[in-house]
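Please look over the aromatic side chains in the model below. My notes follow it, as numbered points.

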Amino acid sequence: MAKAWTAFGAGSLTLLAASGQVRAIVDLPPPFAAARTVVVTWFGAIDPIGPMGLAALGGVLLGGLVAAALERRGRKVGLGDVERVLPRSRAELRWAAALAVTAGITEELFFRLLLPLLIAAVTGCAVAGFAVACVLFGLAHRYQGPAGVVATMAVGALLTIVYLSTGSLWAAMALHAAIDLNAVVLRPIVSGRVSS
């Protein structure tokens, strides 16, 4: 967690401040306007606290419950190997929850904001920035194996769509944290894999 806060969190904030882009944490940066137009045209604009935003979070919760029920029956659910980050005891659950929230905040700062912004500044193309960020986001999760890398790239694309369709980095952070909380807290509890 300390590495994530240092590299992705503090590093992103420092570079955003140095480039005069701290406001981009709250407001969609102007270089992303064209990419947002494309996403809104294809997927529509989403109010992060409206019905669609709440449905997305509800879907993550429901998906986690269904996956946990299947795992309880002995079926393997999910893509990639996440065994190393799953809690084994109730004492580890709070650390898993903190890790999930940390990843939601710091990885979104870096992969959905800073990296695409830097690439857009160099190339003039925010879409290229988001594409490179999705690939690197997947590769950063290579400990999950090839299937996990591909799945994480797809999740990165989904988080990019959420960010651009809502215009809110906070919405992408919340969804990312919810996905991770589902995987490393909810599912282990419901599936019975966490001992006391």
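This is a predicted model: local features need pLDDT of at least 70, side-chain atom pairs count only at pLDDT 80 or more; totals for chains, interfaces and linings use all residues.

1. Residues are numbered from 1 along each chain as its sequence is written, and side-chain values use heavy atoms, with hydrogens and water left out.

2. Rings of Phe, Tyr and Trp (its six-membered ring) pair if their centres lie within 6.5 Å; planes under 30 degrees apart count as stacked, over 60 as edge-to-face and the rest as tilted. By this rule the count is eight aromatic pairs. One of them joins Phe 8 and Phe 110: the centres are 5.1 Å apart and the planes at 40 degrees, so the pair is tilted. Phe 8 is in helix α1 (residues 2-18) and Phe 110 in helix α4 (residues 90-123), so this pair ties together parts 102 residues apart in sequence. Helices are DSSP runs (H or I, at least four residues), numbered from the N terminus.

3. Phe 111 and Phe 137 have ring centres 5.2 Å apart and planes at 65 degrees, so this pair is edge-to-face. Phe 111 is in helix α4 and Phe 137 in helix α5 (residues 126-140), 26 residues apart. Ring pairs link Phe 8, Phe 110, Phe 111 and Phe 137 into a cluster.

4. Buried means under 20% relative accessible area, exposed over 50%, partly exposed in between (1.4 Å probe, protein chains only). Phe 111, at 3%, is buried, and so is Phe 137, at 2%. Phe 110 is partly exposed, at 21%.

5. The charged end of Arg 112 sits over the ring of Phe 137, 4.5 Å from its centre. The rule asks for NZ of Lys or CZ of Arg within 6 Å of the ring centre and within 35 degrees of the ring normal.

How values were computed:
Helices (H or I, at least four residues) and strands (E, at least two) are DSSP runs, numbered from the N terminus.
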